[in-house]
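Please find below a short note on the model shown here. The points begin with a single side chain and then turn to the nonpolar cores.

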Amino acid sequence: MFLAGERKTQAVTSDIIFKYFPDLSAEQKEQFNKLEELYKFWNAQINVISRKDIDSLYLHHILHSLGIAKVLEFLPGEKILDVGTGGGFPGIPLAILFPEAHFHLVDSIGKKIKVVQEVSNAIGLKNLVATHARAEQIDDKFNFIISRAVTQLKDFYPWIRGKFEKKPLNKLPNGVLYLKGGDLELELKESKLKEVNLYPLSVYFEEDYFETKYVVYFPAQ
C-alpha cells in the first residue's frame, strides 16, 4: 500500500532501448535483453553499478550510453577507445549497436574489466577488447575516444592527447564524445578546449533523467 504522494518506481526494461532504436536486428535485441540478468549477476559480486540503481540499468546506463549514437553513428572499421569504462559504459551498448566498428575498453581497476570481459563474452561481442590499464598506457590510435564523466575535462584530455588517427572518416572530425551532466560552463572554461559542442540528450530522449545530460564533443587538438 502506498501513501498519498508516494511514487511507485518500476524497473525499466529493454523496451526503452527498442523505443529509440527500432531498427535493431534480432541478435542485437537479444544482446540488449541479456544485459539485465548479466549485470545483476556480476554486480552482486563486483559492485560496478550502485545497488539501488540496478533496476534503472536500461535507463541510467544503457540508454544513457547510447546517447552518443544519437550524435554520431560510428562507421565500419572505425576504432573507438572507451576510457574509464567501469562496468562497460558507454562501450558495451555502443559495441552492440555498431558491430562493424572496433571498441577498446580500458579501466585502471582490474575487477571492473573482468565484468566487461565476462559480459562481452556472454553476449558474443566480437568487436570489443577490454584492457586493465590506464589510458596513457594504450599505444594505439583511434578515430574517437568516448567516456562517461570519469573526471574533469581539463584533467581528461592530457590522458588521451596524441591518441587520434589523423585521417577522418566520419561526418565529425576525429575527437572526443564525452557524456557529462549538470552545469558545464565553468568546467568547459577551465578545460581551455577549443571548438566544443554540447548536444543535450533531452533533444533525443523524452525521459526526465536526460534533462541535464549532454554529449560533449570536441575534435582532437
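1. A polar atom of the Glu-78 side chain lies 2.8 Å from the backbone nitrogen of Leu-75. The side chain of Glu-78 also forms a polar contact of 2.9 Å with that of Asn-170. A polar contact is a pair of N or O atoms within 3.5 Å; within protein, one must be able to donate a hydrogen and the other to accept it, and residues adjacent in sequence count only if both atoms are side-chain atoms.

2. The model is predicted: local features need pLDDT of at least 70, side-chain atom pairs count only at pLDDT 80 or more, and totals for chains, interfaces and linings use all residues. Residues are numbered from 1 along each chain as its sequence is written, and side-chain values use heavy atoms, with hydrogens and water left out.

3. Is Glu-78 buried or exposed? Glu-78 counts as buried because its relative accessibility is 0% (buried means under 20% relative accessible area, exposed over 50%, partly exposed in between, with a 1.4 Å probe and protein chains only).

4. Not counting residues up to four places away in sequence, Glu-78 touches several residues, including Ala-101, His-102 and Phe-144. Contact means heavy atoms within 4.5 Å.

5. The largest nonpolar core has 56 residues, and Phe-74 and Phe-103 are among those with the most contacts inside it. Such a core is a set of buried Ala, Val, Leu, Ile, Met, Phe, Trp, Tyr and Cys residues joined through side-chain atoms within 4.5 Å. A second, separate core of 20 residues includes Ile-138 and Val-216.
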